[in-house]
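Open your viewer and get ready to select a few pieces in turn. We will go from strands to core to pocket.

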Amino acid sequence: QFKQLVIIGTGGTGSYLTQGLAKLISGYKLPLEVILVDPDTIEEKNCNRQNFHYCEIGQPKAQMLAYRLNQQYGLAFAAIVSKGEDFIKNPEYSSVFHSPRLIITCVDSVEARKPYKGCGAWLDLGNGLDNGQAIYGNSEDQKKLAGELESWDTTPHVGALPSPYLVAAMGTLKDKKKKAPSCAEQPFAEQGIFANEWAAAAGLCILHQLLVKAELITPAIYFSTGGRMTPEYITKEYLQR
């Protein structure tokens, strides 16, 4: 069982994921420490797409979200105003890491995800204009993953799952030279108004399995805001890919 969750990015997807996570932790009375990490402040354009209020404009996203959810659910979420990659590299910040921990990334580019390669347990959420995914994994060790395949027919459980870095083939992906507008700048007609909530919902489905049931059967969930949520189950074929 995890003792600490670190959410990197509390914008479009992260703000909705954190709201659902607060409800999950409060409702099930889970003994979890949660740290929110985001460098940005709330702007007026954030209030339509993201889980922020007009009265919060000008405040740091991570701090404001933690304050509001702590008040609402009686929790003690912590907040650090920093870029995620700086947080994990800075000894002052990384000293707050406790084990076992789960890193959750809600960031908007391939490059922003790469610092978490090899971080262990990792849940990554992402979306495009009208689709996206949530992927959980805890290993990039090919020998360990191969061992899971070798023992597949003798045990019903696996201890290692390929990380989001492997499943999404992030090593082969490159960000477009021209940076796309952030979700907050996308007109509703171009990016589905609920794309971020769908991504958060997919992530919360996986978190419910990990944190409440303590057993995971769908490490990846893909969605389309047209009305489809498609889980991938842990199978021999999944590990082979």
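Start with strands E4 (residues 101-105) and E5: they run parallel, joined by three bridges. Keep in mind that this is a predicted model.

E5 and E6 run antiparallel, with six bridges between them. Select Gly126 and you will find Gln133 of E6 opposite. The two strands make a hairpin, and three residues lie between them.

Which residues does Ile104 touch, leaving aside neighbours within four places in sequence? Select Leu5, Val6, Ile7, Ile8, Leu17, Leu123, Leu125 and Leu207.

Now widen the view to the largest nonpolar core, which has 43 residues. Ile104 is among those with the most contacts inside this core, along with Leu5, Leu102 and Tyr136. Colour helix H9 (residues 195-213) too: H9 gives this core its largest share, seven residues. Another core lies apart, with 14 residues, including Val6, Val37, Ile80 and Tyr116.

Last stop: the second largest pocket, with a volume of about 440 Å³. It is lined by 17 residues. Select Val158, Leu210, Ala214, Glu215 and Leu216, the closest of them to the pocket's centre. What classes make up the lining? Count 12 nonpolar, four polar and one charged.

Key:
Residues numbered from 1 in each chain as written. Predicted model: local features only at pLDDT ≥ 70, side-chain atom pairs only at ≥ 80, totals over all residues. Heavy atoms only, no water. 1 Å grid on protein atoms, 1.4 Å probe; cavity = no way out; pocket = protein on both sides within 12 Å on 5 of 7 lines; lining within 4 Å. Points joined across faces, edges and corners; volume = space filled by probe spheres on them. Nonpolar A, V, L, I, M, F, W, Y, C, P; charged D, E, K, R; others polar. Core = buried A, V, L, I, M, F, W, Y, C linked by side-chain atoms within 4.5 Å. Buried < 20%, exposed > 50% of the residue type's maximum accessible area, 1.4 Å probe, protein only. Helix = DSSP H or I, 4+ residues; strand = E, 2+ residues; numbered from the N terminus. Contact = heavy atoms within 4.5 Å. Pairing = 2+ DSSP bridges.
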